[in-house]
Amino acid sequence: MTLTQAAFGTDTLLKKALLVLGGSALIAVAAQISVPFFPVPLTMQTLAILFVGLSFGSRLGAATVIAYLVEGAAGLPVFANGSFGLLPLVGPTAGFLFGFIAMAYVAGLAAERSKSVVVMAGGALLASALLYIPGVAWPMFGAELFAIEGKWVGSSASSIWTYWVSPFLLGDAVKAVIAALLVAGGMKAFSKEA
């Protein structure tokens, strides 16, 4: 049982649709809370995605992130710093944006397996670590495969580590633990009510 099932009861199609809309809105708002970094902004987006994955479960969490990406591609200003359209989906952060789908899915799997805060935090940490695979693969070589041009395309491993990974590791770990604590606390609160 996920947190949303504990809070709202049996899943219906309408409830799932409302959760996807609400979750994608939460991710969009969190994406606007940012500290400007280059080339990747530091946002609360990953905290929201982990929270959605842990709360909704693997499939609904991933569907929520897909809805978020579709909303941005369709022109809603939901990406970091109010950006929208197709450009962010091929720009420097594209690998992270598409990696968010797997991030929510992996976090959701952890929550489906156990209600333990330790297991959920471990799953959220793993999901956060796995996000770096598509996140750094895109600027290192993925963009070149699709003939994308930009000064960030073909970035070196040392540049990727210095600017795209190391500044975010501690924050990502903290956000993973916070998301797990919030969801575990919610589960505990709803189990007391039952």
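Trainee: Leaving aside neighbours within four places in sequence, what is glutamine 45 in contact with?
Mentor: Glutamine 45 is in contact with Ile27, Ala30, Ala31, Tyr68, Leu97 and Phe100. Contact means heavy atoms within 4.5 Å. One caution: this is a predicted model, where local features need pLDDT of at least 70, side-chain atom pairs count only at pLDDT 80 or more, and totals for chains, interfaces and linings use all residues. Residues are numbered from 1 along each chain as its sequence is written, and side-chain values use heavy atoms, with hydrogens and water left out.
Trainee: Is glutamine 45 buried or exposed?
Mentor: Buried, with a relative accessible area of 6%. The cut-offs are under 20% for buried, over 50% for exposed and partly exposed in between, with a 1.4 Å probe and protein chains only.
Trainee: Which helix does glutamine 45 lie in?
Mentor: Helix α3. Helices here are DSSP runs of H or I, at least four residues, numbered from the N terminus.
Trainee: At what angle do α2 and α3 pack?
Mentor: About 160 degrees, with the axes 7 Å apart. α2 spans residues 13-32 and α3 residues 45-56. That makes α2 roughly antiparallel to α3, a label for angles over 145 degrees. Axes are lines fitted to C-alpha atoms over the stretch in contact, and angles run from 0 to 180 degrees between N-to-C directions.
Trainee: Which residues make that contact?
Mentor: From α2, they include Leu19, Gly23 and Ile27. From α3, they include Gln45, Ala48 and Phe56. The contact residues divide into 11 nonpolar, two polar and no charged. Gly counts as polar in that scheme.
Trainee: New topic. How many residues are in the largest nonpolar core?
Mentor: 52. Such a core is a set of buried Ala, Val, Leu, Ile, Met, Phe, Trp, Tyr and Cys residues joined through side-chain atoms within 4.5 Å. Leu50, Leu54 and Tyr68 have the most contacts inside it.
Trainee: What does leucine 54 touch, not counting residues up to four places away?
Mentor: Its partners include Ala107, Met120, Ala180 and Val183.
Trainee: And where is alanine 143 found?
Mentor: In helix α6. Alanine 143 is buried, with a relative accessible area of 0%. Beyond four places in sequence, alanine 143 touches Trp138, Ile148, Trp152 and Val153. The C-alpha atoms of alanine 143 and valine 90 are separated by 7.5 Å, although the two are 53 residues apart along the chain.

How values were computed: Helices (H or I, at least four residues) and strands (E, at least two) are DSSP runs, numbered from the N terminus. Angles under 35 degrees count as roughly parallel, over 145 as roughly antiparallel, 65 to 115 as roughly perpendicular and the rest as oblique.
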